[in-house]
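Have a go at each task before reading its solution.

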Amino acid sequence: DMDGFSAVGPMPWRPRAIANDRVALVGDAAGYCEPFTGEGMTWALASAEALAESLASVAPGDWDADRARKYAQLWKRSLAKRHSLCGAIAAALSRQRLAQWLVQAAASCPWVARRVVRQVNAT
């Protein structure tokens, strides 16, 4: 039964909170990052997994502020660091000179580039 189900697509801003006593945000709605590194679906599934974990052994309709805090903590533990890194990369790449320097640095030190990519896409 899908009564009461609602969804929101990508938002070009970050929410002040990813959950409250009435709603929980997952995927892009919980914090949109530039999808240039291909992590969007992984992060959507990871946030859904954190939400499911916060709902373990909860009766339908028993969502409350405590569950919202638990979900926010789980989301932060599993996704916040990767979102921050991806946001920093996106900000750097939006500046032409800095982007050129980063590309040159990655070319001369490919191990650094590989490590950054592994960190962004860590599961």
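**Exercise 1.** Classify Lys81: is the residue buried or exposed? Then find the charged patch that Lys81 belongs to.

*Solution.* Keep in mind that this is a predicted model.
- Step 1: Lys81 has a relative accessibility of 61%. The cut-off for exposed is over 50%, so Lys81 counts as exposed.
- Step 2: Locate the residue in the fold. Lys81 lies in helix H2, which covers residues 65–93.
- Step 3: Look for like charges around it. Lys81 gathers with Arg114, Arg115 and Arg118 in a patch of positive charge on the surface.

**Exercise 2.** Find which residues make the nonpolar surface patch, and work out which helix supplies the largest share.

*Solution.* 
- Step 1: Leu93, Leu98, Trp101 and Leu102 make up the patch, which has an area of about 360 Å².
- Step 2: Helix H3 (residues 96–108) supplies the largest share, 3 residues.
- Step 3: Take one member as a check. Leu102 is found in helix H3, and its relative accessible area of 30% makes Leu102 partly exposed.

**Exercise 3.** Decide whether Ser47 is buried or exposed, and list what Ser47 is in contact with beyond its neighbours within four places in sequence.

*Solution.* 
- Step 1: Ser47 sits in helix H1, residues 40–54.
- Step 2: The relative accessible area of Ser47 is 1%. Buried means under 20%, so Ser47 is buried.
- Step 3: With those sequence neighbours set aside, the contacts of Ser47 are Val26, Gly27, Tyr71, Trp75 and Leu79.

**Exercise 4.** Say what stands out about the phi of Ser57.

*Solution.* 
- Step 1: Phi of Ser57 is near 60°, a positive value in a residue other than glycine.
- Step 2: Ser57 lies in the loop between H1 and H2, and at 77% relative accessibility Ser57 counts as exposed.

**Exercise 5.** How many salt bridges does a search of the whole structure find, and which side chains meet in a salt bridge?

*Solution.* 
- Step 1: The search finds 1 salt bridge.
- Step 2: The side chains of Asp66 and Arg69 meet, at 2.2 Å from N to O. The cut-off is within 4 Å.
- Step 3: Both residues lie in helix H2, 3 residues apart, about one turn of the helix.
- Step 4: Arg69 has a relative accessible area of 47%, so Arg69 is partly exposed.

Terms used:
Residues numbered from 1 in each chain as written. Predicted model: local features only at pLDDT ≥ 70, side-chain atom pairs only at ≥ 80, totals over all residues. Heavy atoms only, no water. Patch = residues over 30% accessible without salt bridge, like charges linked within 9 Å, V, L, I, M, F, W, Y side chains within 5 Å. Areas by Shrake-Rupley, 256 points an atom, 1.4 Å probe, with all protein chains shown as cover. Lys, Arg positive; Asp, Glu negative; His and termini not counted. Charge placed at Lys NZ, Arg CZ, Asp CG, Glu CD. Helix = DSSP H or I, 4+ residues; strand = E, 2+ residues; numbered from the N terminus. Buried < 20%, exposed > 50% of the residue type's maximum accessible area, 1.4 Å probe, protein only. Contact = heavy atoms within 4.5 Å.
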